[in-house]
Amino acid sequence: MRVKIEQGSKGLWAKRAKAISKGLGGLARDGARSAELHVRRGLQINVYATEPGEYERTKLLLRQVYSAGQANATSLGILVGNRAPYATEIEFGTGPYELSEAQLASYLEVLPRGGQLQFGRSGKAYLLPGPTLGPGITFARTLTRERFQRLMADAWA
């Protein structure tokens, strides 16, 4: 979205604020969609494209992914999640292979832009973690920050 505001115009700050506020809704929706697509990609990599095991693959995890993006005049929020009853076990792993929230956060800090985490989870090694939500929201946050910086630069151009 390109915003053009002439320098020295009356109400310059109000025009810039209005332009930025107007752009936040689109940023929120785009961020939510990016997060959801990234989560779905992670599910394919960590669950559905792996060696099958003893459990039937119902694609419930894919059907239960949800996202939402909202913004008002001063803030922007992105929500992504999975309603499947066993989504947490897949995200963090179980038993001796379970990741703590702090461990997952440390992996996410060094995850490259658009990257996925893989720990060898498969249909046979189903106790291992297969994080999808963490990488999804991390990717959405990175994209949204980049898009917000462009929106700000356009408002000040």
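The largest pocket of this predicted model has a volume of about 410 Å³. On a 1 Å grid over the protein atoms alone, a pocket is an open set of points with protein on both sides within 12 Å along at least five of seven lines, whereas a cavity is a set of points where a 1.4 Å probe fits but cannot get out; lining residues have an atom within 4 Å of a point. Grid points are joined across faces, edges and corners, and a volume is the space filled by probe spheres set on the points.

The lining of the largest pocket comprises 21 residues, and Tyr55, Tyr86, Ile90, Arg121 and Tyr126 lie nearest its centre. Helix 1, helix 2 (60-63) and helix 3 (87-92) are the elements that give two or more residues to this lining, and helix 1 provides the largest share, three residues. Helices (H or I, at least four residues) and strands (E, at least two) are DSSP runs, numbered from the N terminus. By class, the pocket lining has eight nonpolar, seven polar and six charged residues. Here Ala, Val, Leu, Ile, Met, Phe, Trp, Tyr, Cys and Pro count as nonpolar, Asp, Glu, Lys and Arg as charged, and the others, Gly among them, as polar.

The structure also holds one cavity of 30 Å³ or more. The largest cavity, with a volume of about 30 Å³, is lined by Leu43, Leu61, Asn82, Ala87, Ile90, Glu91, Thr132 and Leu133. Helix 3 gives the most to this lining, with three residues. Five of the cavity-lining residues are nonpolar, two are polar and one is charged.

Helix 1 (residues 12-48) also packs against helix 5 (residues 133-156), at an angle of about 155° and with the axes 8 Å apart. Axes are lines fitted to C-alpha atoms, for helices over the stretch in contact, and angles run from 0 to 180 degrees between N-to-C directions. The two helices are therefore roughly antiparallel to each other, a term for angles over 145 degrees. Their contact has 17 nonpolar, six polar and three charged residues.

Strand 1 (residues 65-71) and strand 2 (residues 76-82) run antiparallel and are joined by seven bridges. They form a hairpin with four residues between them; two strands pair if DSSP finds at least two bridges between them. Glycine 69 has isoleucine 78 of strand 2 as its bridge partner, and serine 67 stands opposite valine 80 in strand 2.

Residues are numbered from 1 along each chain as its sequence is written. Local features need pLDDT of at least 70, side-chain atom pairs count only at pLDDT 80 or more, and totals for chains, interfaces and linings use all residues, while side-chain values use heavy atoms, with hydrogens and water left out.

Technical notes: Angles under 35 degrees count as roughly parallel, over 145 as roughly antiparallel, 65 to 115 as roughly perpendicular and the rest as oblique.
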